[in-house]
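Welcome, and please open your viewer so that we can walk through this structure together. At each stop you will hear what to select and what is there.

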Amino acid sequence: MPNAWDIGSAALFASLGFEAIATTSGGFAATRARLDGAMTKDEVLTHAGELAGAVDIPVSADLENCFAADPEGVAATITAAVGLGLAGGSVEDFTGDRDAPIYELAQAADRVRAAAEAAHAGPNRFVLTARAENYLHGRKDLADTITRLQAYQEAGADVLFAPAVMDPGDLGQLLASVDVPVSVLVLPGAPTVGELGALGVSRISVGGAVAVAAYGAAINAVTELREQGTTSYFELAAVARPVIGKAFSR
């Protein structure tokens, strides 16, 4: 499920045959010259709704921590996402406070429970992904991460996600400890997609990496032109042009 950062990338990924896409908080923020976490709730929801309206495949929104500490606020964000036509979305247990980055378990589970109730209240089931953020914030505690995911499963989450857990042994323990689909963030050094599938992983995410890679290609292109006067980037442009032409001509 590749992570699109604007309408163009969403349409491009849909044209390449992907059955669903996700948004990326960091990739979207970059389109506004901001860093991940700097966008407002309204900006994120508007953006996610635009992507959902631009393609004919399901879109799952990166809703960060749902922009609320209290369960009621989390539920309000999910309800708004459902109303925008999104097929799914996520809720993190990251507080936004770098000194105390992870919500206490009881509060975190209450937030997921409220999100799940909002997600499943309508006629169409909104797929809720509950994220345990330990590993992204210096808390590489597999036991606590598994305990959290089990609590989020009990609270009603449809999919579980612990970004940056990627060691096959750790993933094996995690997968054996829960009964709902698990998503994995693909990072350097992670198992291949085939290997993840063999372990029992149901979904993968690239986060903001593809968006950042696109910026990397742009940096290389203009730096080459300025410093060397050459244009090897036209090789990539030749790959992209016919695909874009087909994707954007609908």
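**Before you start**

This is a predicted model, in which local features need pLDDT of at least 70 and side-chain atom pairs count only at pLDDT 80 or more, while totals for chains, interfaces and linings use all residues. Residues are numbered from 1 along each chain as its sequence is written, and side-chain values use heavy atoms, with hydrogens and water left out.

**Stop 1: the sheet**

Show the cartoon and look for the strands. Helices (H or I, at least four residues) and strands (E, at least two) are DSSP runs, numbered from the N terminus. Here 8 strands form an open sheet with parallel pairing, in the order 1-2-3-4-5-6-7-8. Strand 1 (3-4) and strand 8 stand at the edges with a single partner strand each, so one side of each has no neighbour in the sheet. Two strands count as paired if DSSP finds at least two bridges between them.

Now select strands 5 and 6. They run parallel and are joined by 3 bridges; look for Thr129, whose bridge partner in strand 6 is Val159.

**Stop 2**

Next, select residues 182-185, which make up strand 7. Are its residues buried or exposed? Val182 and Val184 on one side, and Ser183 and Leu185 on the other, are all buried, so both faces of the strand are covered. Buried means under 20% relative accessible area, exposed means over 50%, and partly exposed lies in between (1.4 Å probe, protein chains only).

Phe161 stands opposite Ser183 in strand 7. To get from strand 6 to strand 7, the chain passes through helix 7 (residues 168-177), and this β-α-β crossover is right-handed. Right-handed here means that, with the strands pointing away from the viewer, the path from the first strand over the helix to the second runs clockwise.

Then turn to strand 8 (residues 203-205), which runs parallel to strand 7 and is joined to it by 3 bridges. Leu185 has Ser205 as its bridge partner in strand 8. Strand 7, helix 8 (residues 193-199) and strand 8 also make a right-handed β-α-β unit.

**Stop 2: the salt bridges**

How many salt bridges does the structure hold? There are 9, where a salt bridge is a side-chain nitrogen of Lys or Arg within 4 Å of a carboxyl oxygen of Asp or Glu.

Select Arg34 and Glu43: their closest N and O atoms are 3.0 Å apart. Arg34 is partly exposed, with 32% relative accessible area, and Glu43 is also partly exposed, at 26%.

Move on to Asp158 and Arg125, a salt bridge whose closest N and O atoms are 2.6 Å apart. Asp158 is in the loop between helix 6 (142-155) and strand 6, and Arg125 is in the loop between helix 5 (105-119) and strand 5 (127-131), so the pair ties together parts that are 33 residues apart in sequence. Asp158 is buried at 15% relative accessible area, whereas Arg125 is exposed at 54%.

Now pick Glu133 and Arg131, whose side chains meet in a salt bridge at 2.9 Å, N to O. Both Glu133 and Arg131 are buried.

**Stop 3**

Val243 is in helix 10 (residues 234-247) and is partly exposed, at 31% relative accessibility.

**Stop 4: single residues and distances**

Select Ser90 in strand 4 (residues 88-92). Ser90 is buried, at 6% relative accessibility, and its side chain reaches the backbone nitrogen of Leu63 at 3.4 Å.

Last, try the distance tool. Asp170, in helix 7, is 55 residues from Leu225 along the chain, and their C-alpha atoms are separated by 45 Å. Pro101 sits in the loop between strand 4 and helix 5; from Pro101 to Gly122 the separation is 21 residues in sequence and 32 Å in space, C-alpha to C-alpha.

Definitions and conventions. A polar contact is a pair of N or O atoms within 3.5 Å; within protein, one must be able to donate a hydrogen and the other to accept it, and residues adjacent in sequence count only if both atoms are side-chain atoms.
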